[in-house]
Amino acid sequence: MGEDEKSPTPAESWAIIDAQRRQVRESLSSDDRMLYGIWGLAWGIGYVAMFFTVGPEGEPHLLGGSIFGGLIVAALVFTVVHSERRASGLGGAGGRMNARLGTAWGASFGASFFIYGGMFSAGLEGEGVGVVANGLPCLVVACLFMASGAAWNDTRQYRLGIWIAVVVAIASVTGVPYLYLVMAGLGGGGFLVAALADYLDRRRA
């Protein structure tokens, strides 16, 4: 075997694979700014609506809950479509991985709704329900962002998932109703900062 035909070392092979993965991710993730932006607006507007409509017992008014729920459903639908769009441009293991991540979003939130139903059927009420009802889906979001970031070697998305988990912890110990402001400011703000960072990176590139 000639010098020019020498097989690459493991380190060189990994560098090639990592570079190809970054190239594919960048070519298919043009909506990452929208992904972060939509979640930032959904949390910012939705949680502010929850805060200003919260009742005396710590339970949000139907109007605030409807606004928040509608925005979260819209963000969730966009996320699933975004993941499936990525998967459609990939083949092999990469496509299967991203398709499964998209499915994980729908399955996780679907399970959350059943947990809510069980809580209410069991007669749970009070501020504790508000803390759990907020923390559960937000922790799902945090874990899925961390999983997606790890799968795609996307440091920004991975760190954003960690940040969301930290914000959920802070909000949970803050309690109702001010946890809604914590989620709006720190949670929604974190998404918007990620969107801005992605925008600036693309401009520099």
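**The core and its surroundings**

Mentor: Let's begin with the contacts (heavy atoms within 4.5 Å): of those in the protein chain with a separation of 6 or more, 72% are between residues 24 or more positions apart. Keep in mind that this is a predicted model, where local features need pLDDT of at least 70, side-chain atom pairs count only at pLDDT 80 or more, and totals for chains, interfaces and linings use all residues. Numbering runs from 1 along each chain as its sequence is written, and side-chain values use heavy atoms, with hydrogens and water left out.

The protein chain has seven helices and zero strands; both are DSSP runs numbered from the N terminus, helices being H or I with at least four residues and strands E with at least two. Of its 205 residues, 38% are buried, meaning under 20% relative accessible area with a 1.4 Å probe on protein chains only, while over 50% is exposed and in between is partly exposed.

Now your core. A nonpolar core is a set of buried Ala, Val, Leu, Ile, Met, Phe, Trp, Tyr and Cys residues joined through side-chain atoms within 4.5 Å. The largest one holds 36 residues, and Trp 39 and Trp 43 touch the most other members. At least two residues of this core come from each of H2 (32-52), H3 (62-88), H4 (92-121), H5 (127-151), H6 (155-174) and H7 (179-204). In soluble globular proteins, nonpolar side chains tend to be buried together.

Look at Trp 39 itself. Skipping neighbours within four places in sequence, its contacts include Ile 72, Trp 105, Phe 109, Phe 145 and Phe 191; Thr 79 is one of them too.

H5 is worth a quick check. Just after H5, Asn 153 takes a positive phi of about 55 degrees.

H2, H3, H4 and H5 each also give at least two residues to the lining of the largest pocket. Of the 29 lining residues, Met 50, Gly 65, Phe 68, Tyr 116 and Ala 133 are the closest to its centre. By class, the lining has 20 nonpolar, seven polar and two charged residues.

Finally, go over to Thr 174 in helix H6. Thr 174 counts as partly exposed because its relative accessibility is 38%. Beyond four places in sequence, Thr 174 is in contact with Leu 179 and Val 182.

Terms used:
1 Å grid on protein atoms, 1.4 Å probe; cavity = no way out; pocket = protein on both sides within 12 Å on 5 of 7 lines; lining within 4 Å. Nonpolar A, V, L, I, M, F, W, Y, C, P; charged D, E, K, R; others polar.
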